[in-house]
Amino acid sequence: MKGKTKKIIDILITYCLLIVVAFVFLFPCLWLILASFSSTGNLYSIPGFFPESYSFQSFITLFTDTAMYNYPKWLLNTLIIAICSCVFSTILVILTAYVISRFEFKARRPLMKGALVLGMFPSFMSMTIIYILMTQFQLINNLFGLIAIYSCTAPMGYLVQKGFFDTIPTSIYEAARIDGANNVRVFRTITLPLAKPMIVYTALTSFTWPWSDFVLPKILLKNRDNWTVAVGLMSLGETEFARFAAGAVFIAVPIVVLYFLLVKNMVSGLTSGAVKG
Amino acid sequence: MARIRLENVTKVYKGGVRAVSDASLEIHDKEFIVFVGPSGCGKSTTLRMIAGLEEITSGNIFIGDTYVNDLEPKDRNIAMVFQNYALYPHMSVYENMAYSLRCQKAKKEVIEEKVHKAAAILGIENLLKRTPRELSGGQRQRVALGRAIVREPSAFLFDEPLSNLDAKLRVAMRAEISKLHQDIQTTFVYVTHDQTEAMTMGDRIVVMKDGLIQQVDTPMNLYDHPGNIFVATFLGSPQMNIFEGTIVKKRRGKALCLHRRIGRHRHPRGGTMPA
Amino acid sequence: MESERGGRKIVNSIGDYFRNIPAKTKSFFQKQWTKVKSFGAGIADFFAQADWKVLLSLLFCGAGNIAYGQYAKGIMFLLLEILFIVFMALLGGEYLVGLFTLGTKESDPWSGVVGDNSVVLMLMGILTVFIIICFLLLYLSSLRSALSARLTKLKGQKPRTFIEDVASLTGRKFPYVALFVPLLGVMVFSVIPIVMMILVAFTNFGGEIDVPTDLVDYVGFDNFATIFGATNIGTTFFKIFGWNIAWAFLSTFINYFLGLGLALLLSKKCVKGSAFWRAFPILAYAIPGFITLIAFKFMFSTMGPINYYLSDAHMHDENIVDFLGLDSTWWARGIGLFVNTWLTVPTTMLLATGILSNIQKDLYEAADIDGASKRKQFFDITLPYVIFATTPTLISQFIGNFNNFGTFYFLRGGIVSEGYFRASDTDLLINWLYNLSISNDYYGIGAAISLLIFIITSAISLLVYVRSGSYKKEDTYR
């Protein structure tokens with residue numbers, strides 16, 4: 001009897017904790033969603049956590065009142081940056097990770113050590129000087145500057161993809177070599193098909209990054225019309241709280257969905273990629 | 001003409017490890033030659049140097065009459081069967097076998113004909129549409145063989161192909177590979193650590209240890225006239241008995257006086273035996 | 001008892017680390033010396049094996065190749081050499097000088113004289129240095145190829161033709177070709193900026209001195225003297241540094257154990273539908289960080305919902321707590337910790353879950369048979385394994401928290417506290433860096449601080465990683 005009560009208490013406590021945890025994590029998100037449906041925009045005018053009245057007003061003004069806050073333009077800017085940097089980043093990272101994983105060449109170890117050391121510098125350092133240089137060369141305010149920076153610094157994060165490529169047995173490449181494929185053909189016909197889960201992962205992560213990065217766009221984009229969503233939302237104050245919530249919810253929903261899809265895809269991708277023979 | 005000639009072939013890895021030392025050998029055309037020895041003796045390394053997958057530190061290798069040291073594997077006209085099959089997991093059996101022909105940009109009809117011919121020899125025609133994941137170990141091994149046959153090479157290289165199979169299958173595949181050799185009449189260079197395989201399959205056997213070729217001869221000659229103690233104890237099951245002894249002079253010729261047996265079991269003091 | 005031992009272990013390992021320094025420096029220099037010797041041996045070999053045709057390449061890159069029949073290759077080398085010489089004569093020399101002087105011509109808006117732009121000159125100088133390095137590599141490669149052409153001729157074979165060389169680009173040289181574009185990108189956008197920043201740390205760029213109107217000068221270690229000195233910048237640095245370290249330890253510790261605890265909670269057998277419960281932290285993780293940070297800022301603001309309830313719908317405005325205001329040092333620090341935990345625990349939880357699922361189940365079964373209680377099993381089996389497996393990530397977590405820009409930027413951006421130079425009492429070094437550089441143009445000092453951050457964080461990573469169990473006891477769990 002005693003053991004059973006102990007067990008029941010244990011289960012009760014466990015579930016209580018779980019509910020508390022779930023509540024803590026859910027709560028701010030819920031608040032934002034509620035606020036986005038508030039009919040009044042001002043933070044002060046919302047009594048506590050629950051708006052007085054609900055409406056779609058915030059969402060409508062988000063897209064129509066573009067005088068001060070041009071949300072649709074921000075969306076477009078961010079979309080352009082995300083798509084372009086996704087394409088370039090994926091190509092560069094996959095190529096880099098594959099080459100470093102598969103080939104033994106003289107510069108390999110120095111390159112890997114160099115990448116490690118380079119990554120230890122606070123990313124701020126390069127951003128400041130890039131800002132200064134871009135100002136001198138009148139390249140500020142340019143979306144392509146951002147795309148270039150995202151894409152060109154992406155290869156530094158090659159370790160995850162390299163780890164994946166390390167799991168492909170060398171004998172497959174040797175067989176292809178004997179079969180007469182040169183390195184380009186091997187990459188095209190063997191590496192890329194096998195690397196599908198990694199390509200999806202890289203593409204998704206490099207696509208979602210520009211949506212959440214606020215530092216670089218804030219530094220490099222001065223013109224309100226060139227802002228990304230992150231910078232734009234940052235500029236909204238307490239009086240525009242509902243609009244902020246609406247704008248935030250609007251981009252957060254697809255990103256969250258993408259993340260859940262990614263988790264599912266990664267799990268299935270990794271198990272089917274288990275190559276044996 | 002697919003003789004293979006090795007002249008003083010040596011392989012030294014970075015850090016000074018001598019994998020193969022001064023190997024010289026003449027492999028005859030259409031011969032089934034087996035490299036056998038314990039782990040780390042250099043047999044796989046030698047095979048890979050013939051294939052072109054390892055750089056040769058010094059020495060020469062000739063396939064036919066061509067000096068192949070600097071040639072890429074694909075230019076040496078050889079085919080290789082790997083221990084873990086090395087099939088392309090995302091391609092069907094047909095595509096696996098057709099891959100080398102596609103690299104040569106062969107015509108579709110030619111590919112079809114060659115693949116079906118090879119599949120017929122191995123009895124895997126009904127598996128052409130499957131992917132490697134859907135095949136058993138033995139079937140995968142046959143596909144690997146088929147991939148090699150399609151290339152119509154002047155020499156087949158086998159790197160311990162049967163090590164991953166269960167015992168019964170191994171015996172069956174041994175017979176199949178021997179039969180294959182009879183049918184297609186091409187040079188087979190086979191590496192294994194299993195001396196039974198070596199003894200039953202090879203025309204000649206190359207025994208290696210610590211990177212050095214110990215002896216090259218037919219199975220029966222190696223069995224009856226081993227050149228050194230290593231070869232003597234390595235081949236033959238159960239293992240040959242080794243005795244330490246001295247040749248003494250007797251009134252009528254010589255005799256062999258046995259002192260003690262080398263090995264696990266203690267034997268009561270030996271006597272004298274006529275030499 | 002145990003904590004005392006643990007404490008002594010840490011002191012010992014730090015002591016060991018410093019005691020090992022002489023030995024490690026010695027072996028490091030020995031390795032470098034061996035490299036120098038082998039390079040010297042390579043040079044000696046070269047002259048021993050070269051003939052006059054190869055030696056021609058010393059002066060004219062590619063001459064040796066042409067002499068041995070590799071016309072296309074030789075001409076290419078020669079052209080590149082000529083290009084380089086022309087570049088250096090016309091522009092390179094100037095840029096190199098400019099790198100050291102950072103410009104000599106003052107600009108004068110009154111007389112319309114356009115002066116030197118120190119920053120651009122520095123950039124050009126660095127680019128020139130890179131070009132010189134590239135040329136040196138090219139030079140060595142031309143020598144090597146001339147020599148190998150000779151050696152192949154001696155062996156009785158024809159040296160490779162140009163077409164064969166191009167073909168090898170998809171063969172042996174493939175890694176270099178494939179990595180060329182990524183490498184170039186990283187060079188331009190990561191390496192050169194960082195090199196420039198290191199140089200800027202030694203200049204007086206910033207504040208009153210701004211390009212292109214003024215000239216920037218090298219000032220040696222002045223910036224560092226300011227930071228460590230008794231100036232307002234100096235005192236600010238030490239105050240922020242102290243808080244930064246405390247913050248990094250606290251947040252990493254809390255996040256790690258809370259994440260681990262959550263993972264353990266979710267892995268309990270009595271929990272049904274753990275995927276459902278796990279979705280909540282993942283939701284928090286998936287939402288872009290800046291959104292939740294701004295949301296928390298609003299939540300705790302004086303106009304926000306929490307103060308609404310505290311002041312009872314603004315009936316009693318005197319009860320409003322200024323959580324993130326000018327005087328709320330400890331509230332702000334606490335809230336910062338809480339928010340940071342909220343954002344990071346999902347990550348550590350996912351990590352711990354992955355690690356926990358890798359523990360062999362039979363270890364627990366064996367422990368059950370041995371009679372160990374669940375509590376003992378946790379401390380003796382689970383914890384050591386998890387700590388072993390996650391130490392590398394702990395380091396990156398620590399550094400990430402150390403350099404956690406977003407939290408305090410959003411919660412308390414723009415606030416300047418008393419006794420601090422352009423910073424608040426919750427700012428981390430990286431926040432201060434931002435304030436100095438982007439908002440207030442103190443680039444020189446900012447760059448110096450960046451360098452210090454780098455030195456601190458890299459020292460910590462190296463120290464912990466090398467001394468950690470993961471590095472030394474790699475085979476324990478194999």
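How many residues does the contact take from chain A and from chain B? The contact takes 21 residues from chain A and 28 residues from chain B. The legends below describe this interface and other close-up views of a predicted model.

**Figure 1. The interface of chain A and chain B.** Chain A and chain B bury an area of about 2000 Å² between them. Carbon and sulfur atoms give 57% of that area. Across this interface there are 9 residue pairs in polar contact, with both residues at pLDDT 80 or more. On the side of chain A that touches chain B, helix H8 (170–179) and helix H9 (183–194) of chain A each supply at least two residues. The largest share of that side comes from H8(A), with 8 residues. Sorted by class, the residues of chain A that touch chain B are 11 nonpolar, 5 polar and 5 charged.

**Figure 2. A salt bridge between chain B and chain A.** Side chains of opposite charge can pair when their charged atoms come close. Here the side chain of B:Glu72 meets the side chain of A:Arg177 in a salt bridge, at 3.6 Å from N to O.

**Figure 3. A salt bridge within chain B.** The side chains of B:Glu31 and B:Arg204 form a salt bridge, with 2.5 Å from N to O. This pair links distant parts of the chain, as the two residues are 173 residues apart. B:Glu31 is in the loop between strand S2 (18–27) and strand S3 (32–36) of chain B. B:Arg204 is in strand S9 (residues 204–209) of chain B.

**Figure 4. The surroundings of B:Arg142.** B:Arg142 is in helix H4 (residues 137–150) of chain B. Which residues does B:Arg142 touch, not counting residues up to four places away in sequence? They are B:Leu122, B:Ile124, B:Met173 and B:Glu176. With B:Glu176, the side chain of B:Arg142 makes a polar contact from side chain to side chain, at 3.2 Å.

**Figure 5. The interface of chain A and chain C.** This contact takes 80 residues from chain A and 84 residues from chain C. The buried area is about 7400 Å², with 85% of it on carbon and sulfur atoms. In chain A, the residues that lose the most area to chain C are A:Phe25, A:Phe124 and A:Met125, which together make up 9% of what that side buries. Between chain A and chain C there are 0 salt bridges, and there is 1 residue pair in polar contact, with both residues at pLDDT 80 or more. Helix H1 (residues 2–36) of chain A gives the most to the side of chain A that touches chain C, namely 17 residues. By class, that side of chain A has 65 nonpolar, 11 polar and 4 charged residues.

**Figure 6. Two packed helices in chain A.** Helix H3 (residues 71–102) and helix H10 (residues 196–212) of chain A pack at an angle of about 145°. Their axes are 8 Å apart, and the crossing of H3(A) and H10(A) is right-handed. The residues of H3(A) in this contact include A:Leu75, A:Ile83, A:Cys86 and A:Val93. Among those of H10(A) are A:Met198, A:Phe207, A:Pro210 and A:Trp211. The contact of H3(A) with H10(A) has 14 nonpolar residues, 6 polar residues and no charged residues.

Technical notes:
Residues are numbered from 1 along each chain as its sequence is written. Chains are lettered from A and ligands numbered from 1 in the order in which they are written. This is a predicted model: local features need pLDDT of at least 70, side-chain atom pairs count only at pLDDT 80 or more; totals for chains, interfaces and linings use all residues. Side-chain values use heavy atoms; hydrogens and water are left out. Axes are lines fitted to C-alpha atoms, for helices over the stretch in contact, and angles run from 0 to 180 degrees between N-to-C directions. Helices (H or I, at least four residues) and strands (E, at least two) are DSSP runs, numbered from the N terminus. A crossing is left-handed if the near helix is turned anticlockwise from the far one by less than a right angle, and right-handed if clockwise. Contact means heavy atoms within 4.5 Å. Ala, Val, Leu, Ile, Met, Phe, Trp, Tyr, Cys and Pro count as nonpolar, Asp, Glu, Lys and Arg as charged, and the others, Gly among them, as polar. Buried area is the accessible area (1.4 Å probe) that two parts lose on being put together, summed over both. A salt bridge is a side-chain nitrogen of Lys or Arg within 4 Å of a carboxyl oxygen of Asp or Glu. A polar contact is a pair of N or O atoms within 3.5 Å; within protein, one must be able to donate a hydrogen and the other to accept it, and residues adjacent in sequence count only if both atoms are side-chain atoms.
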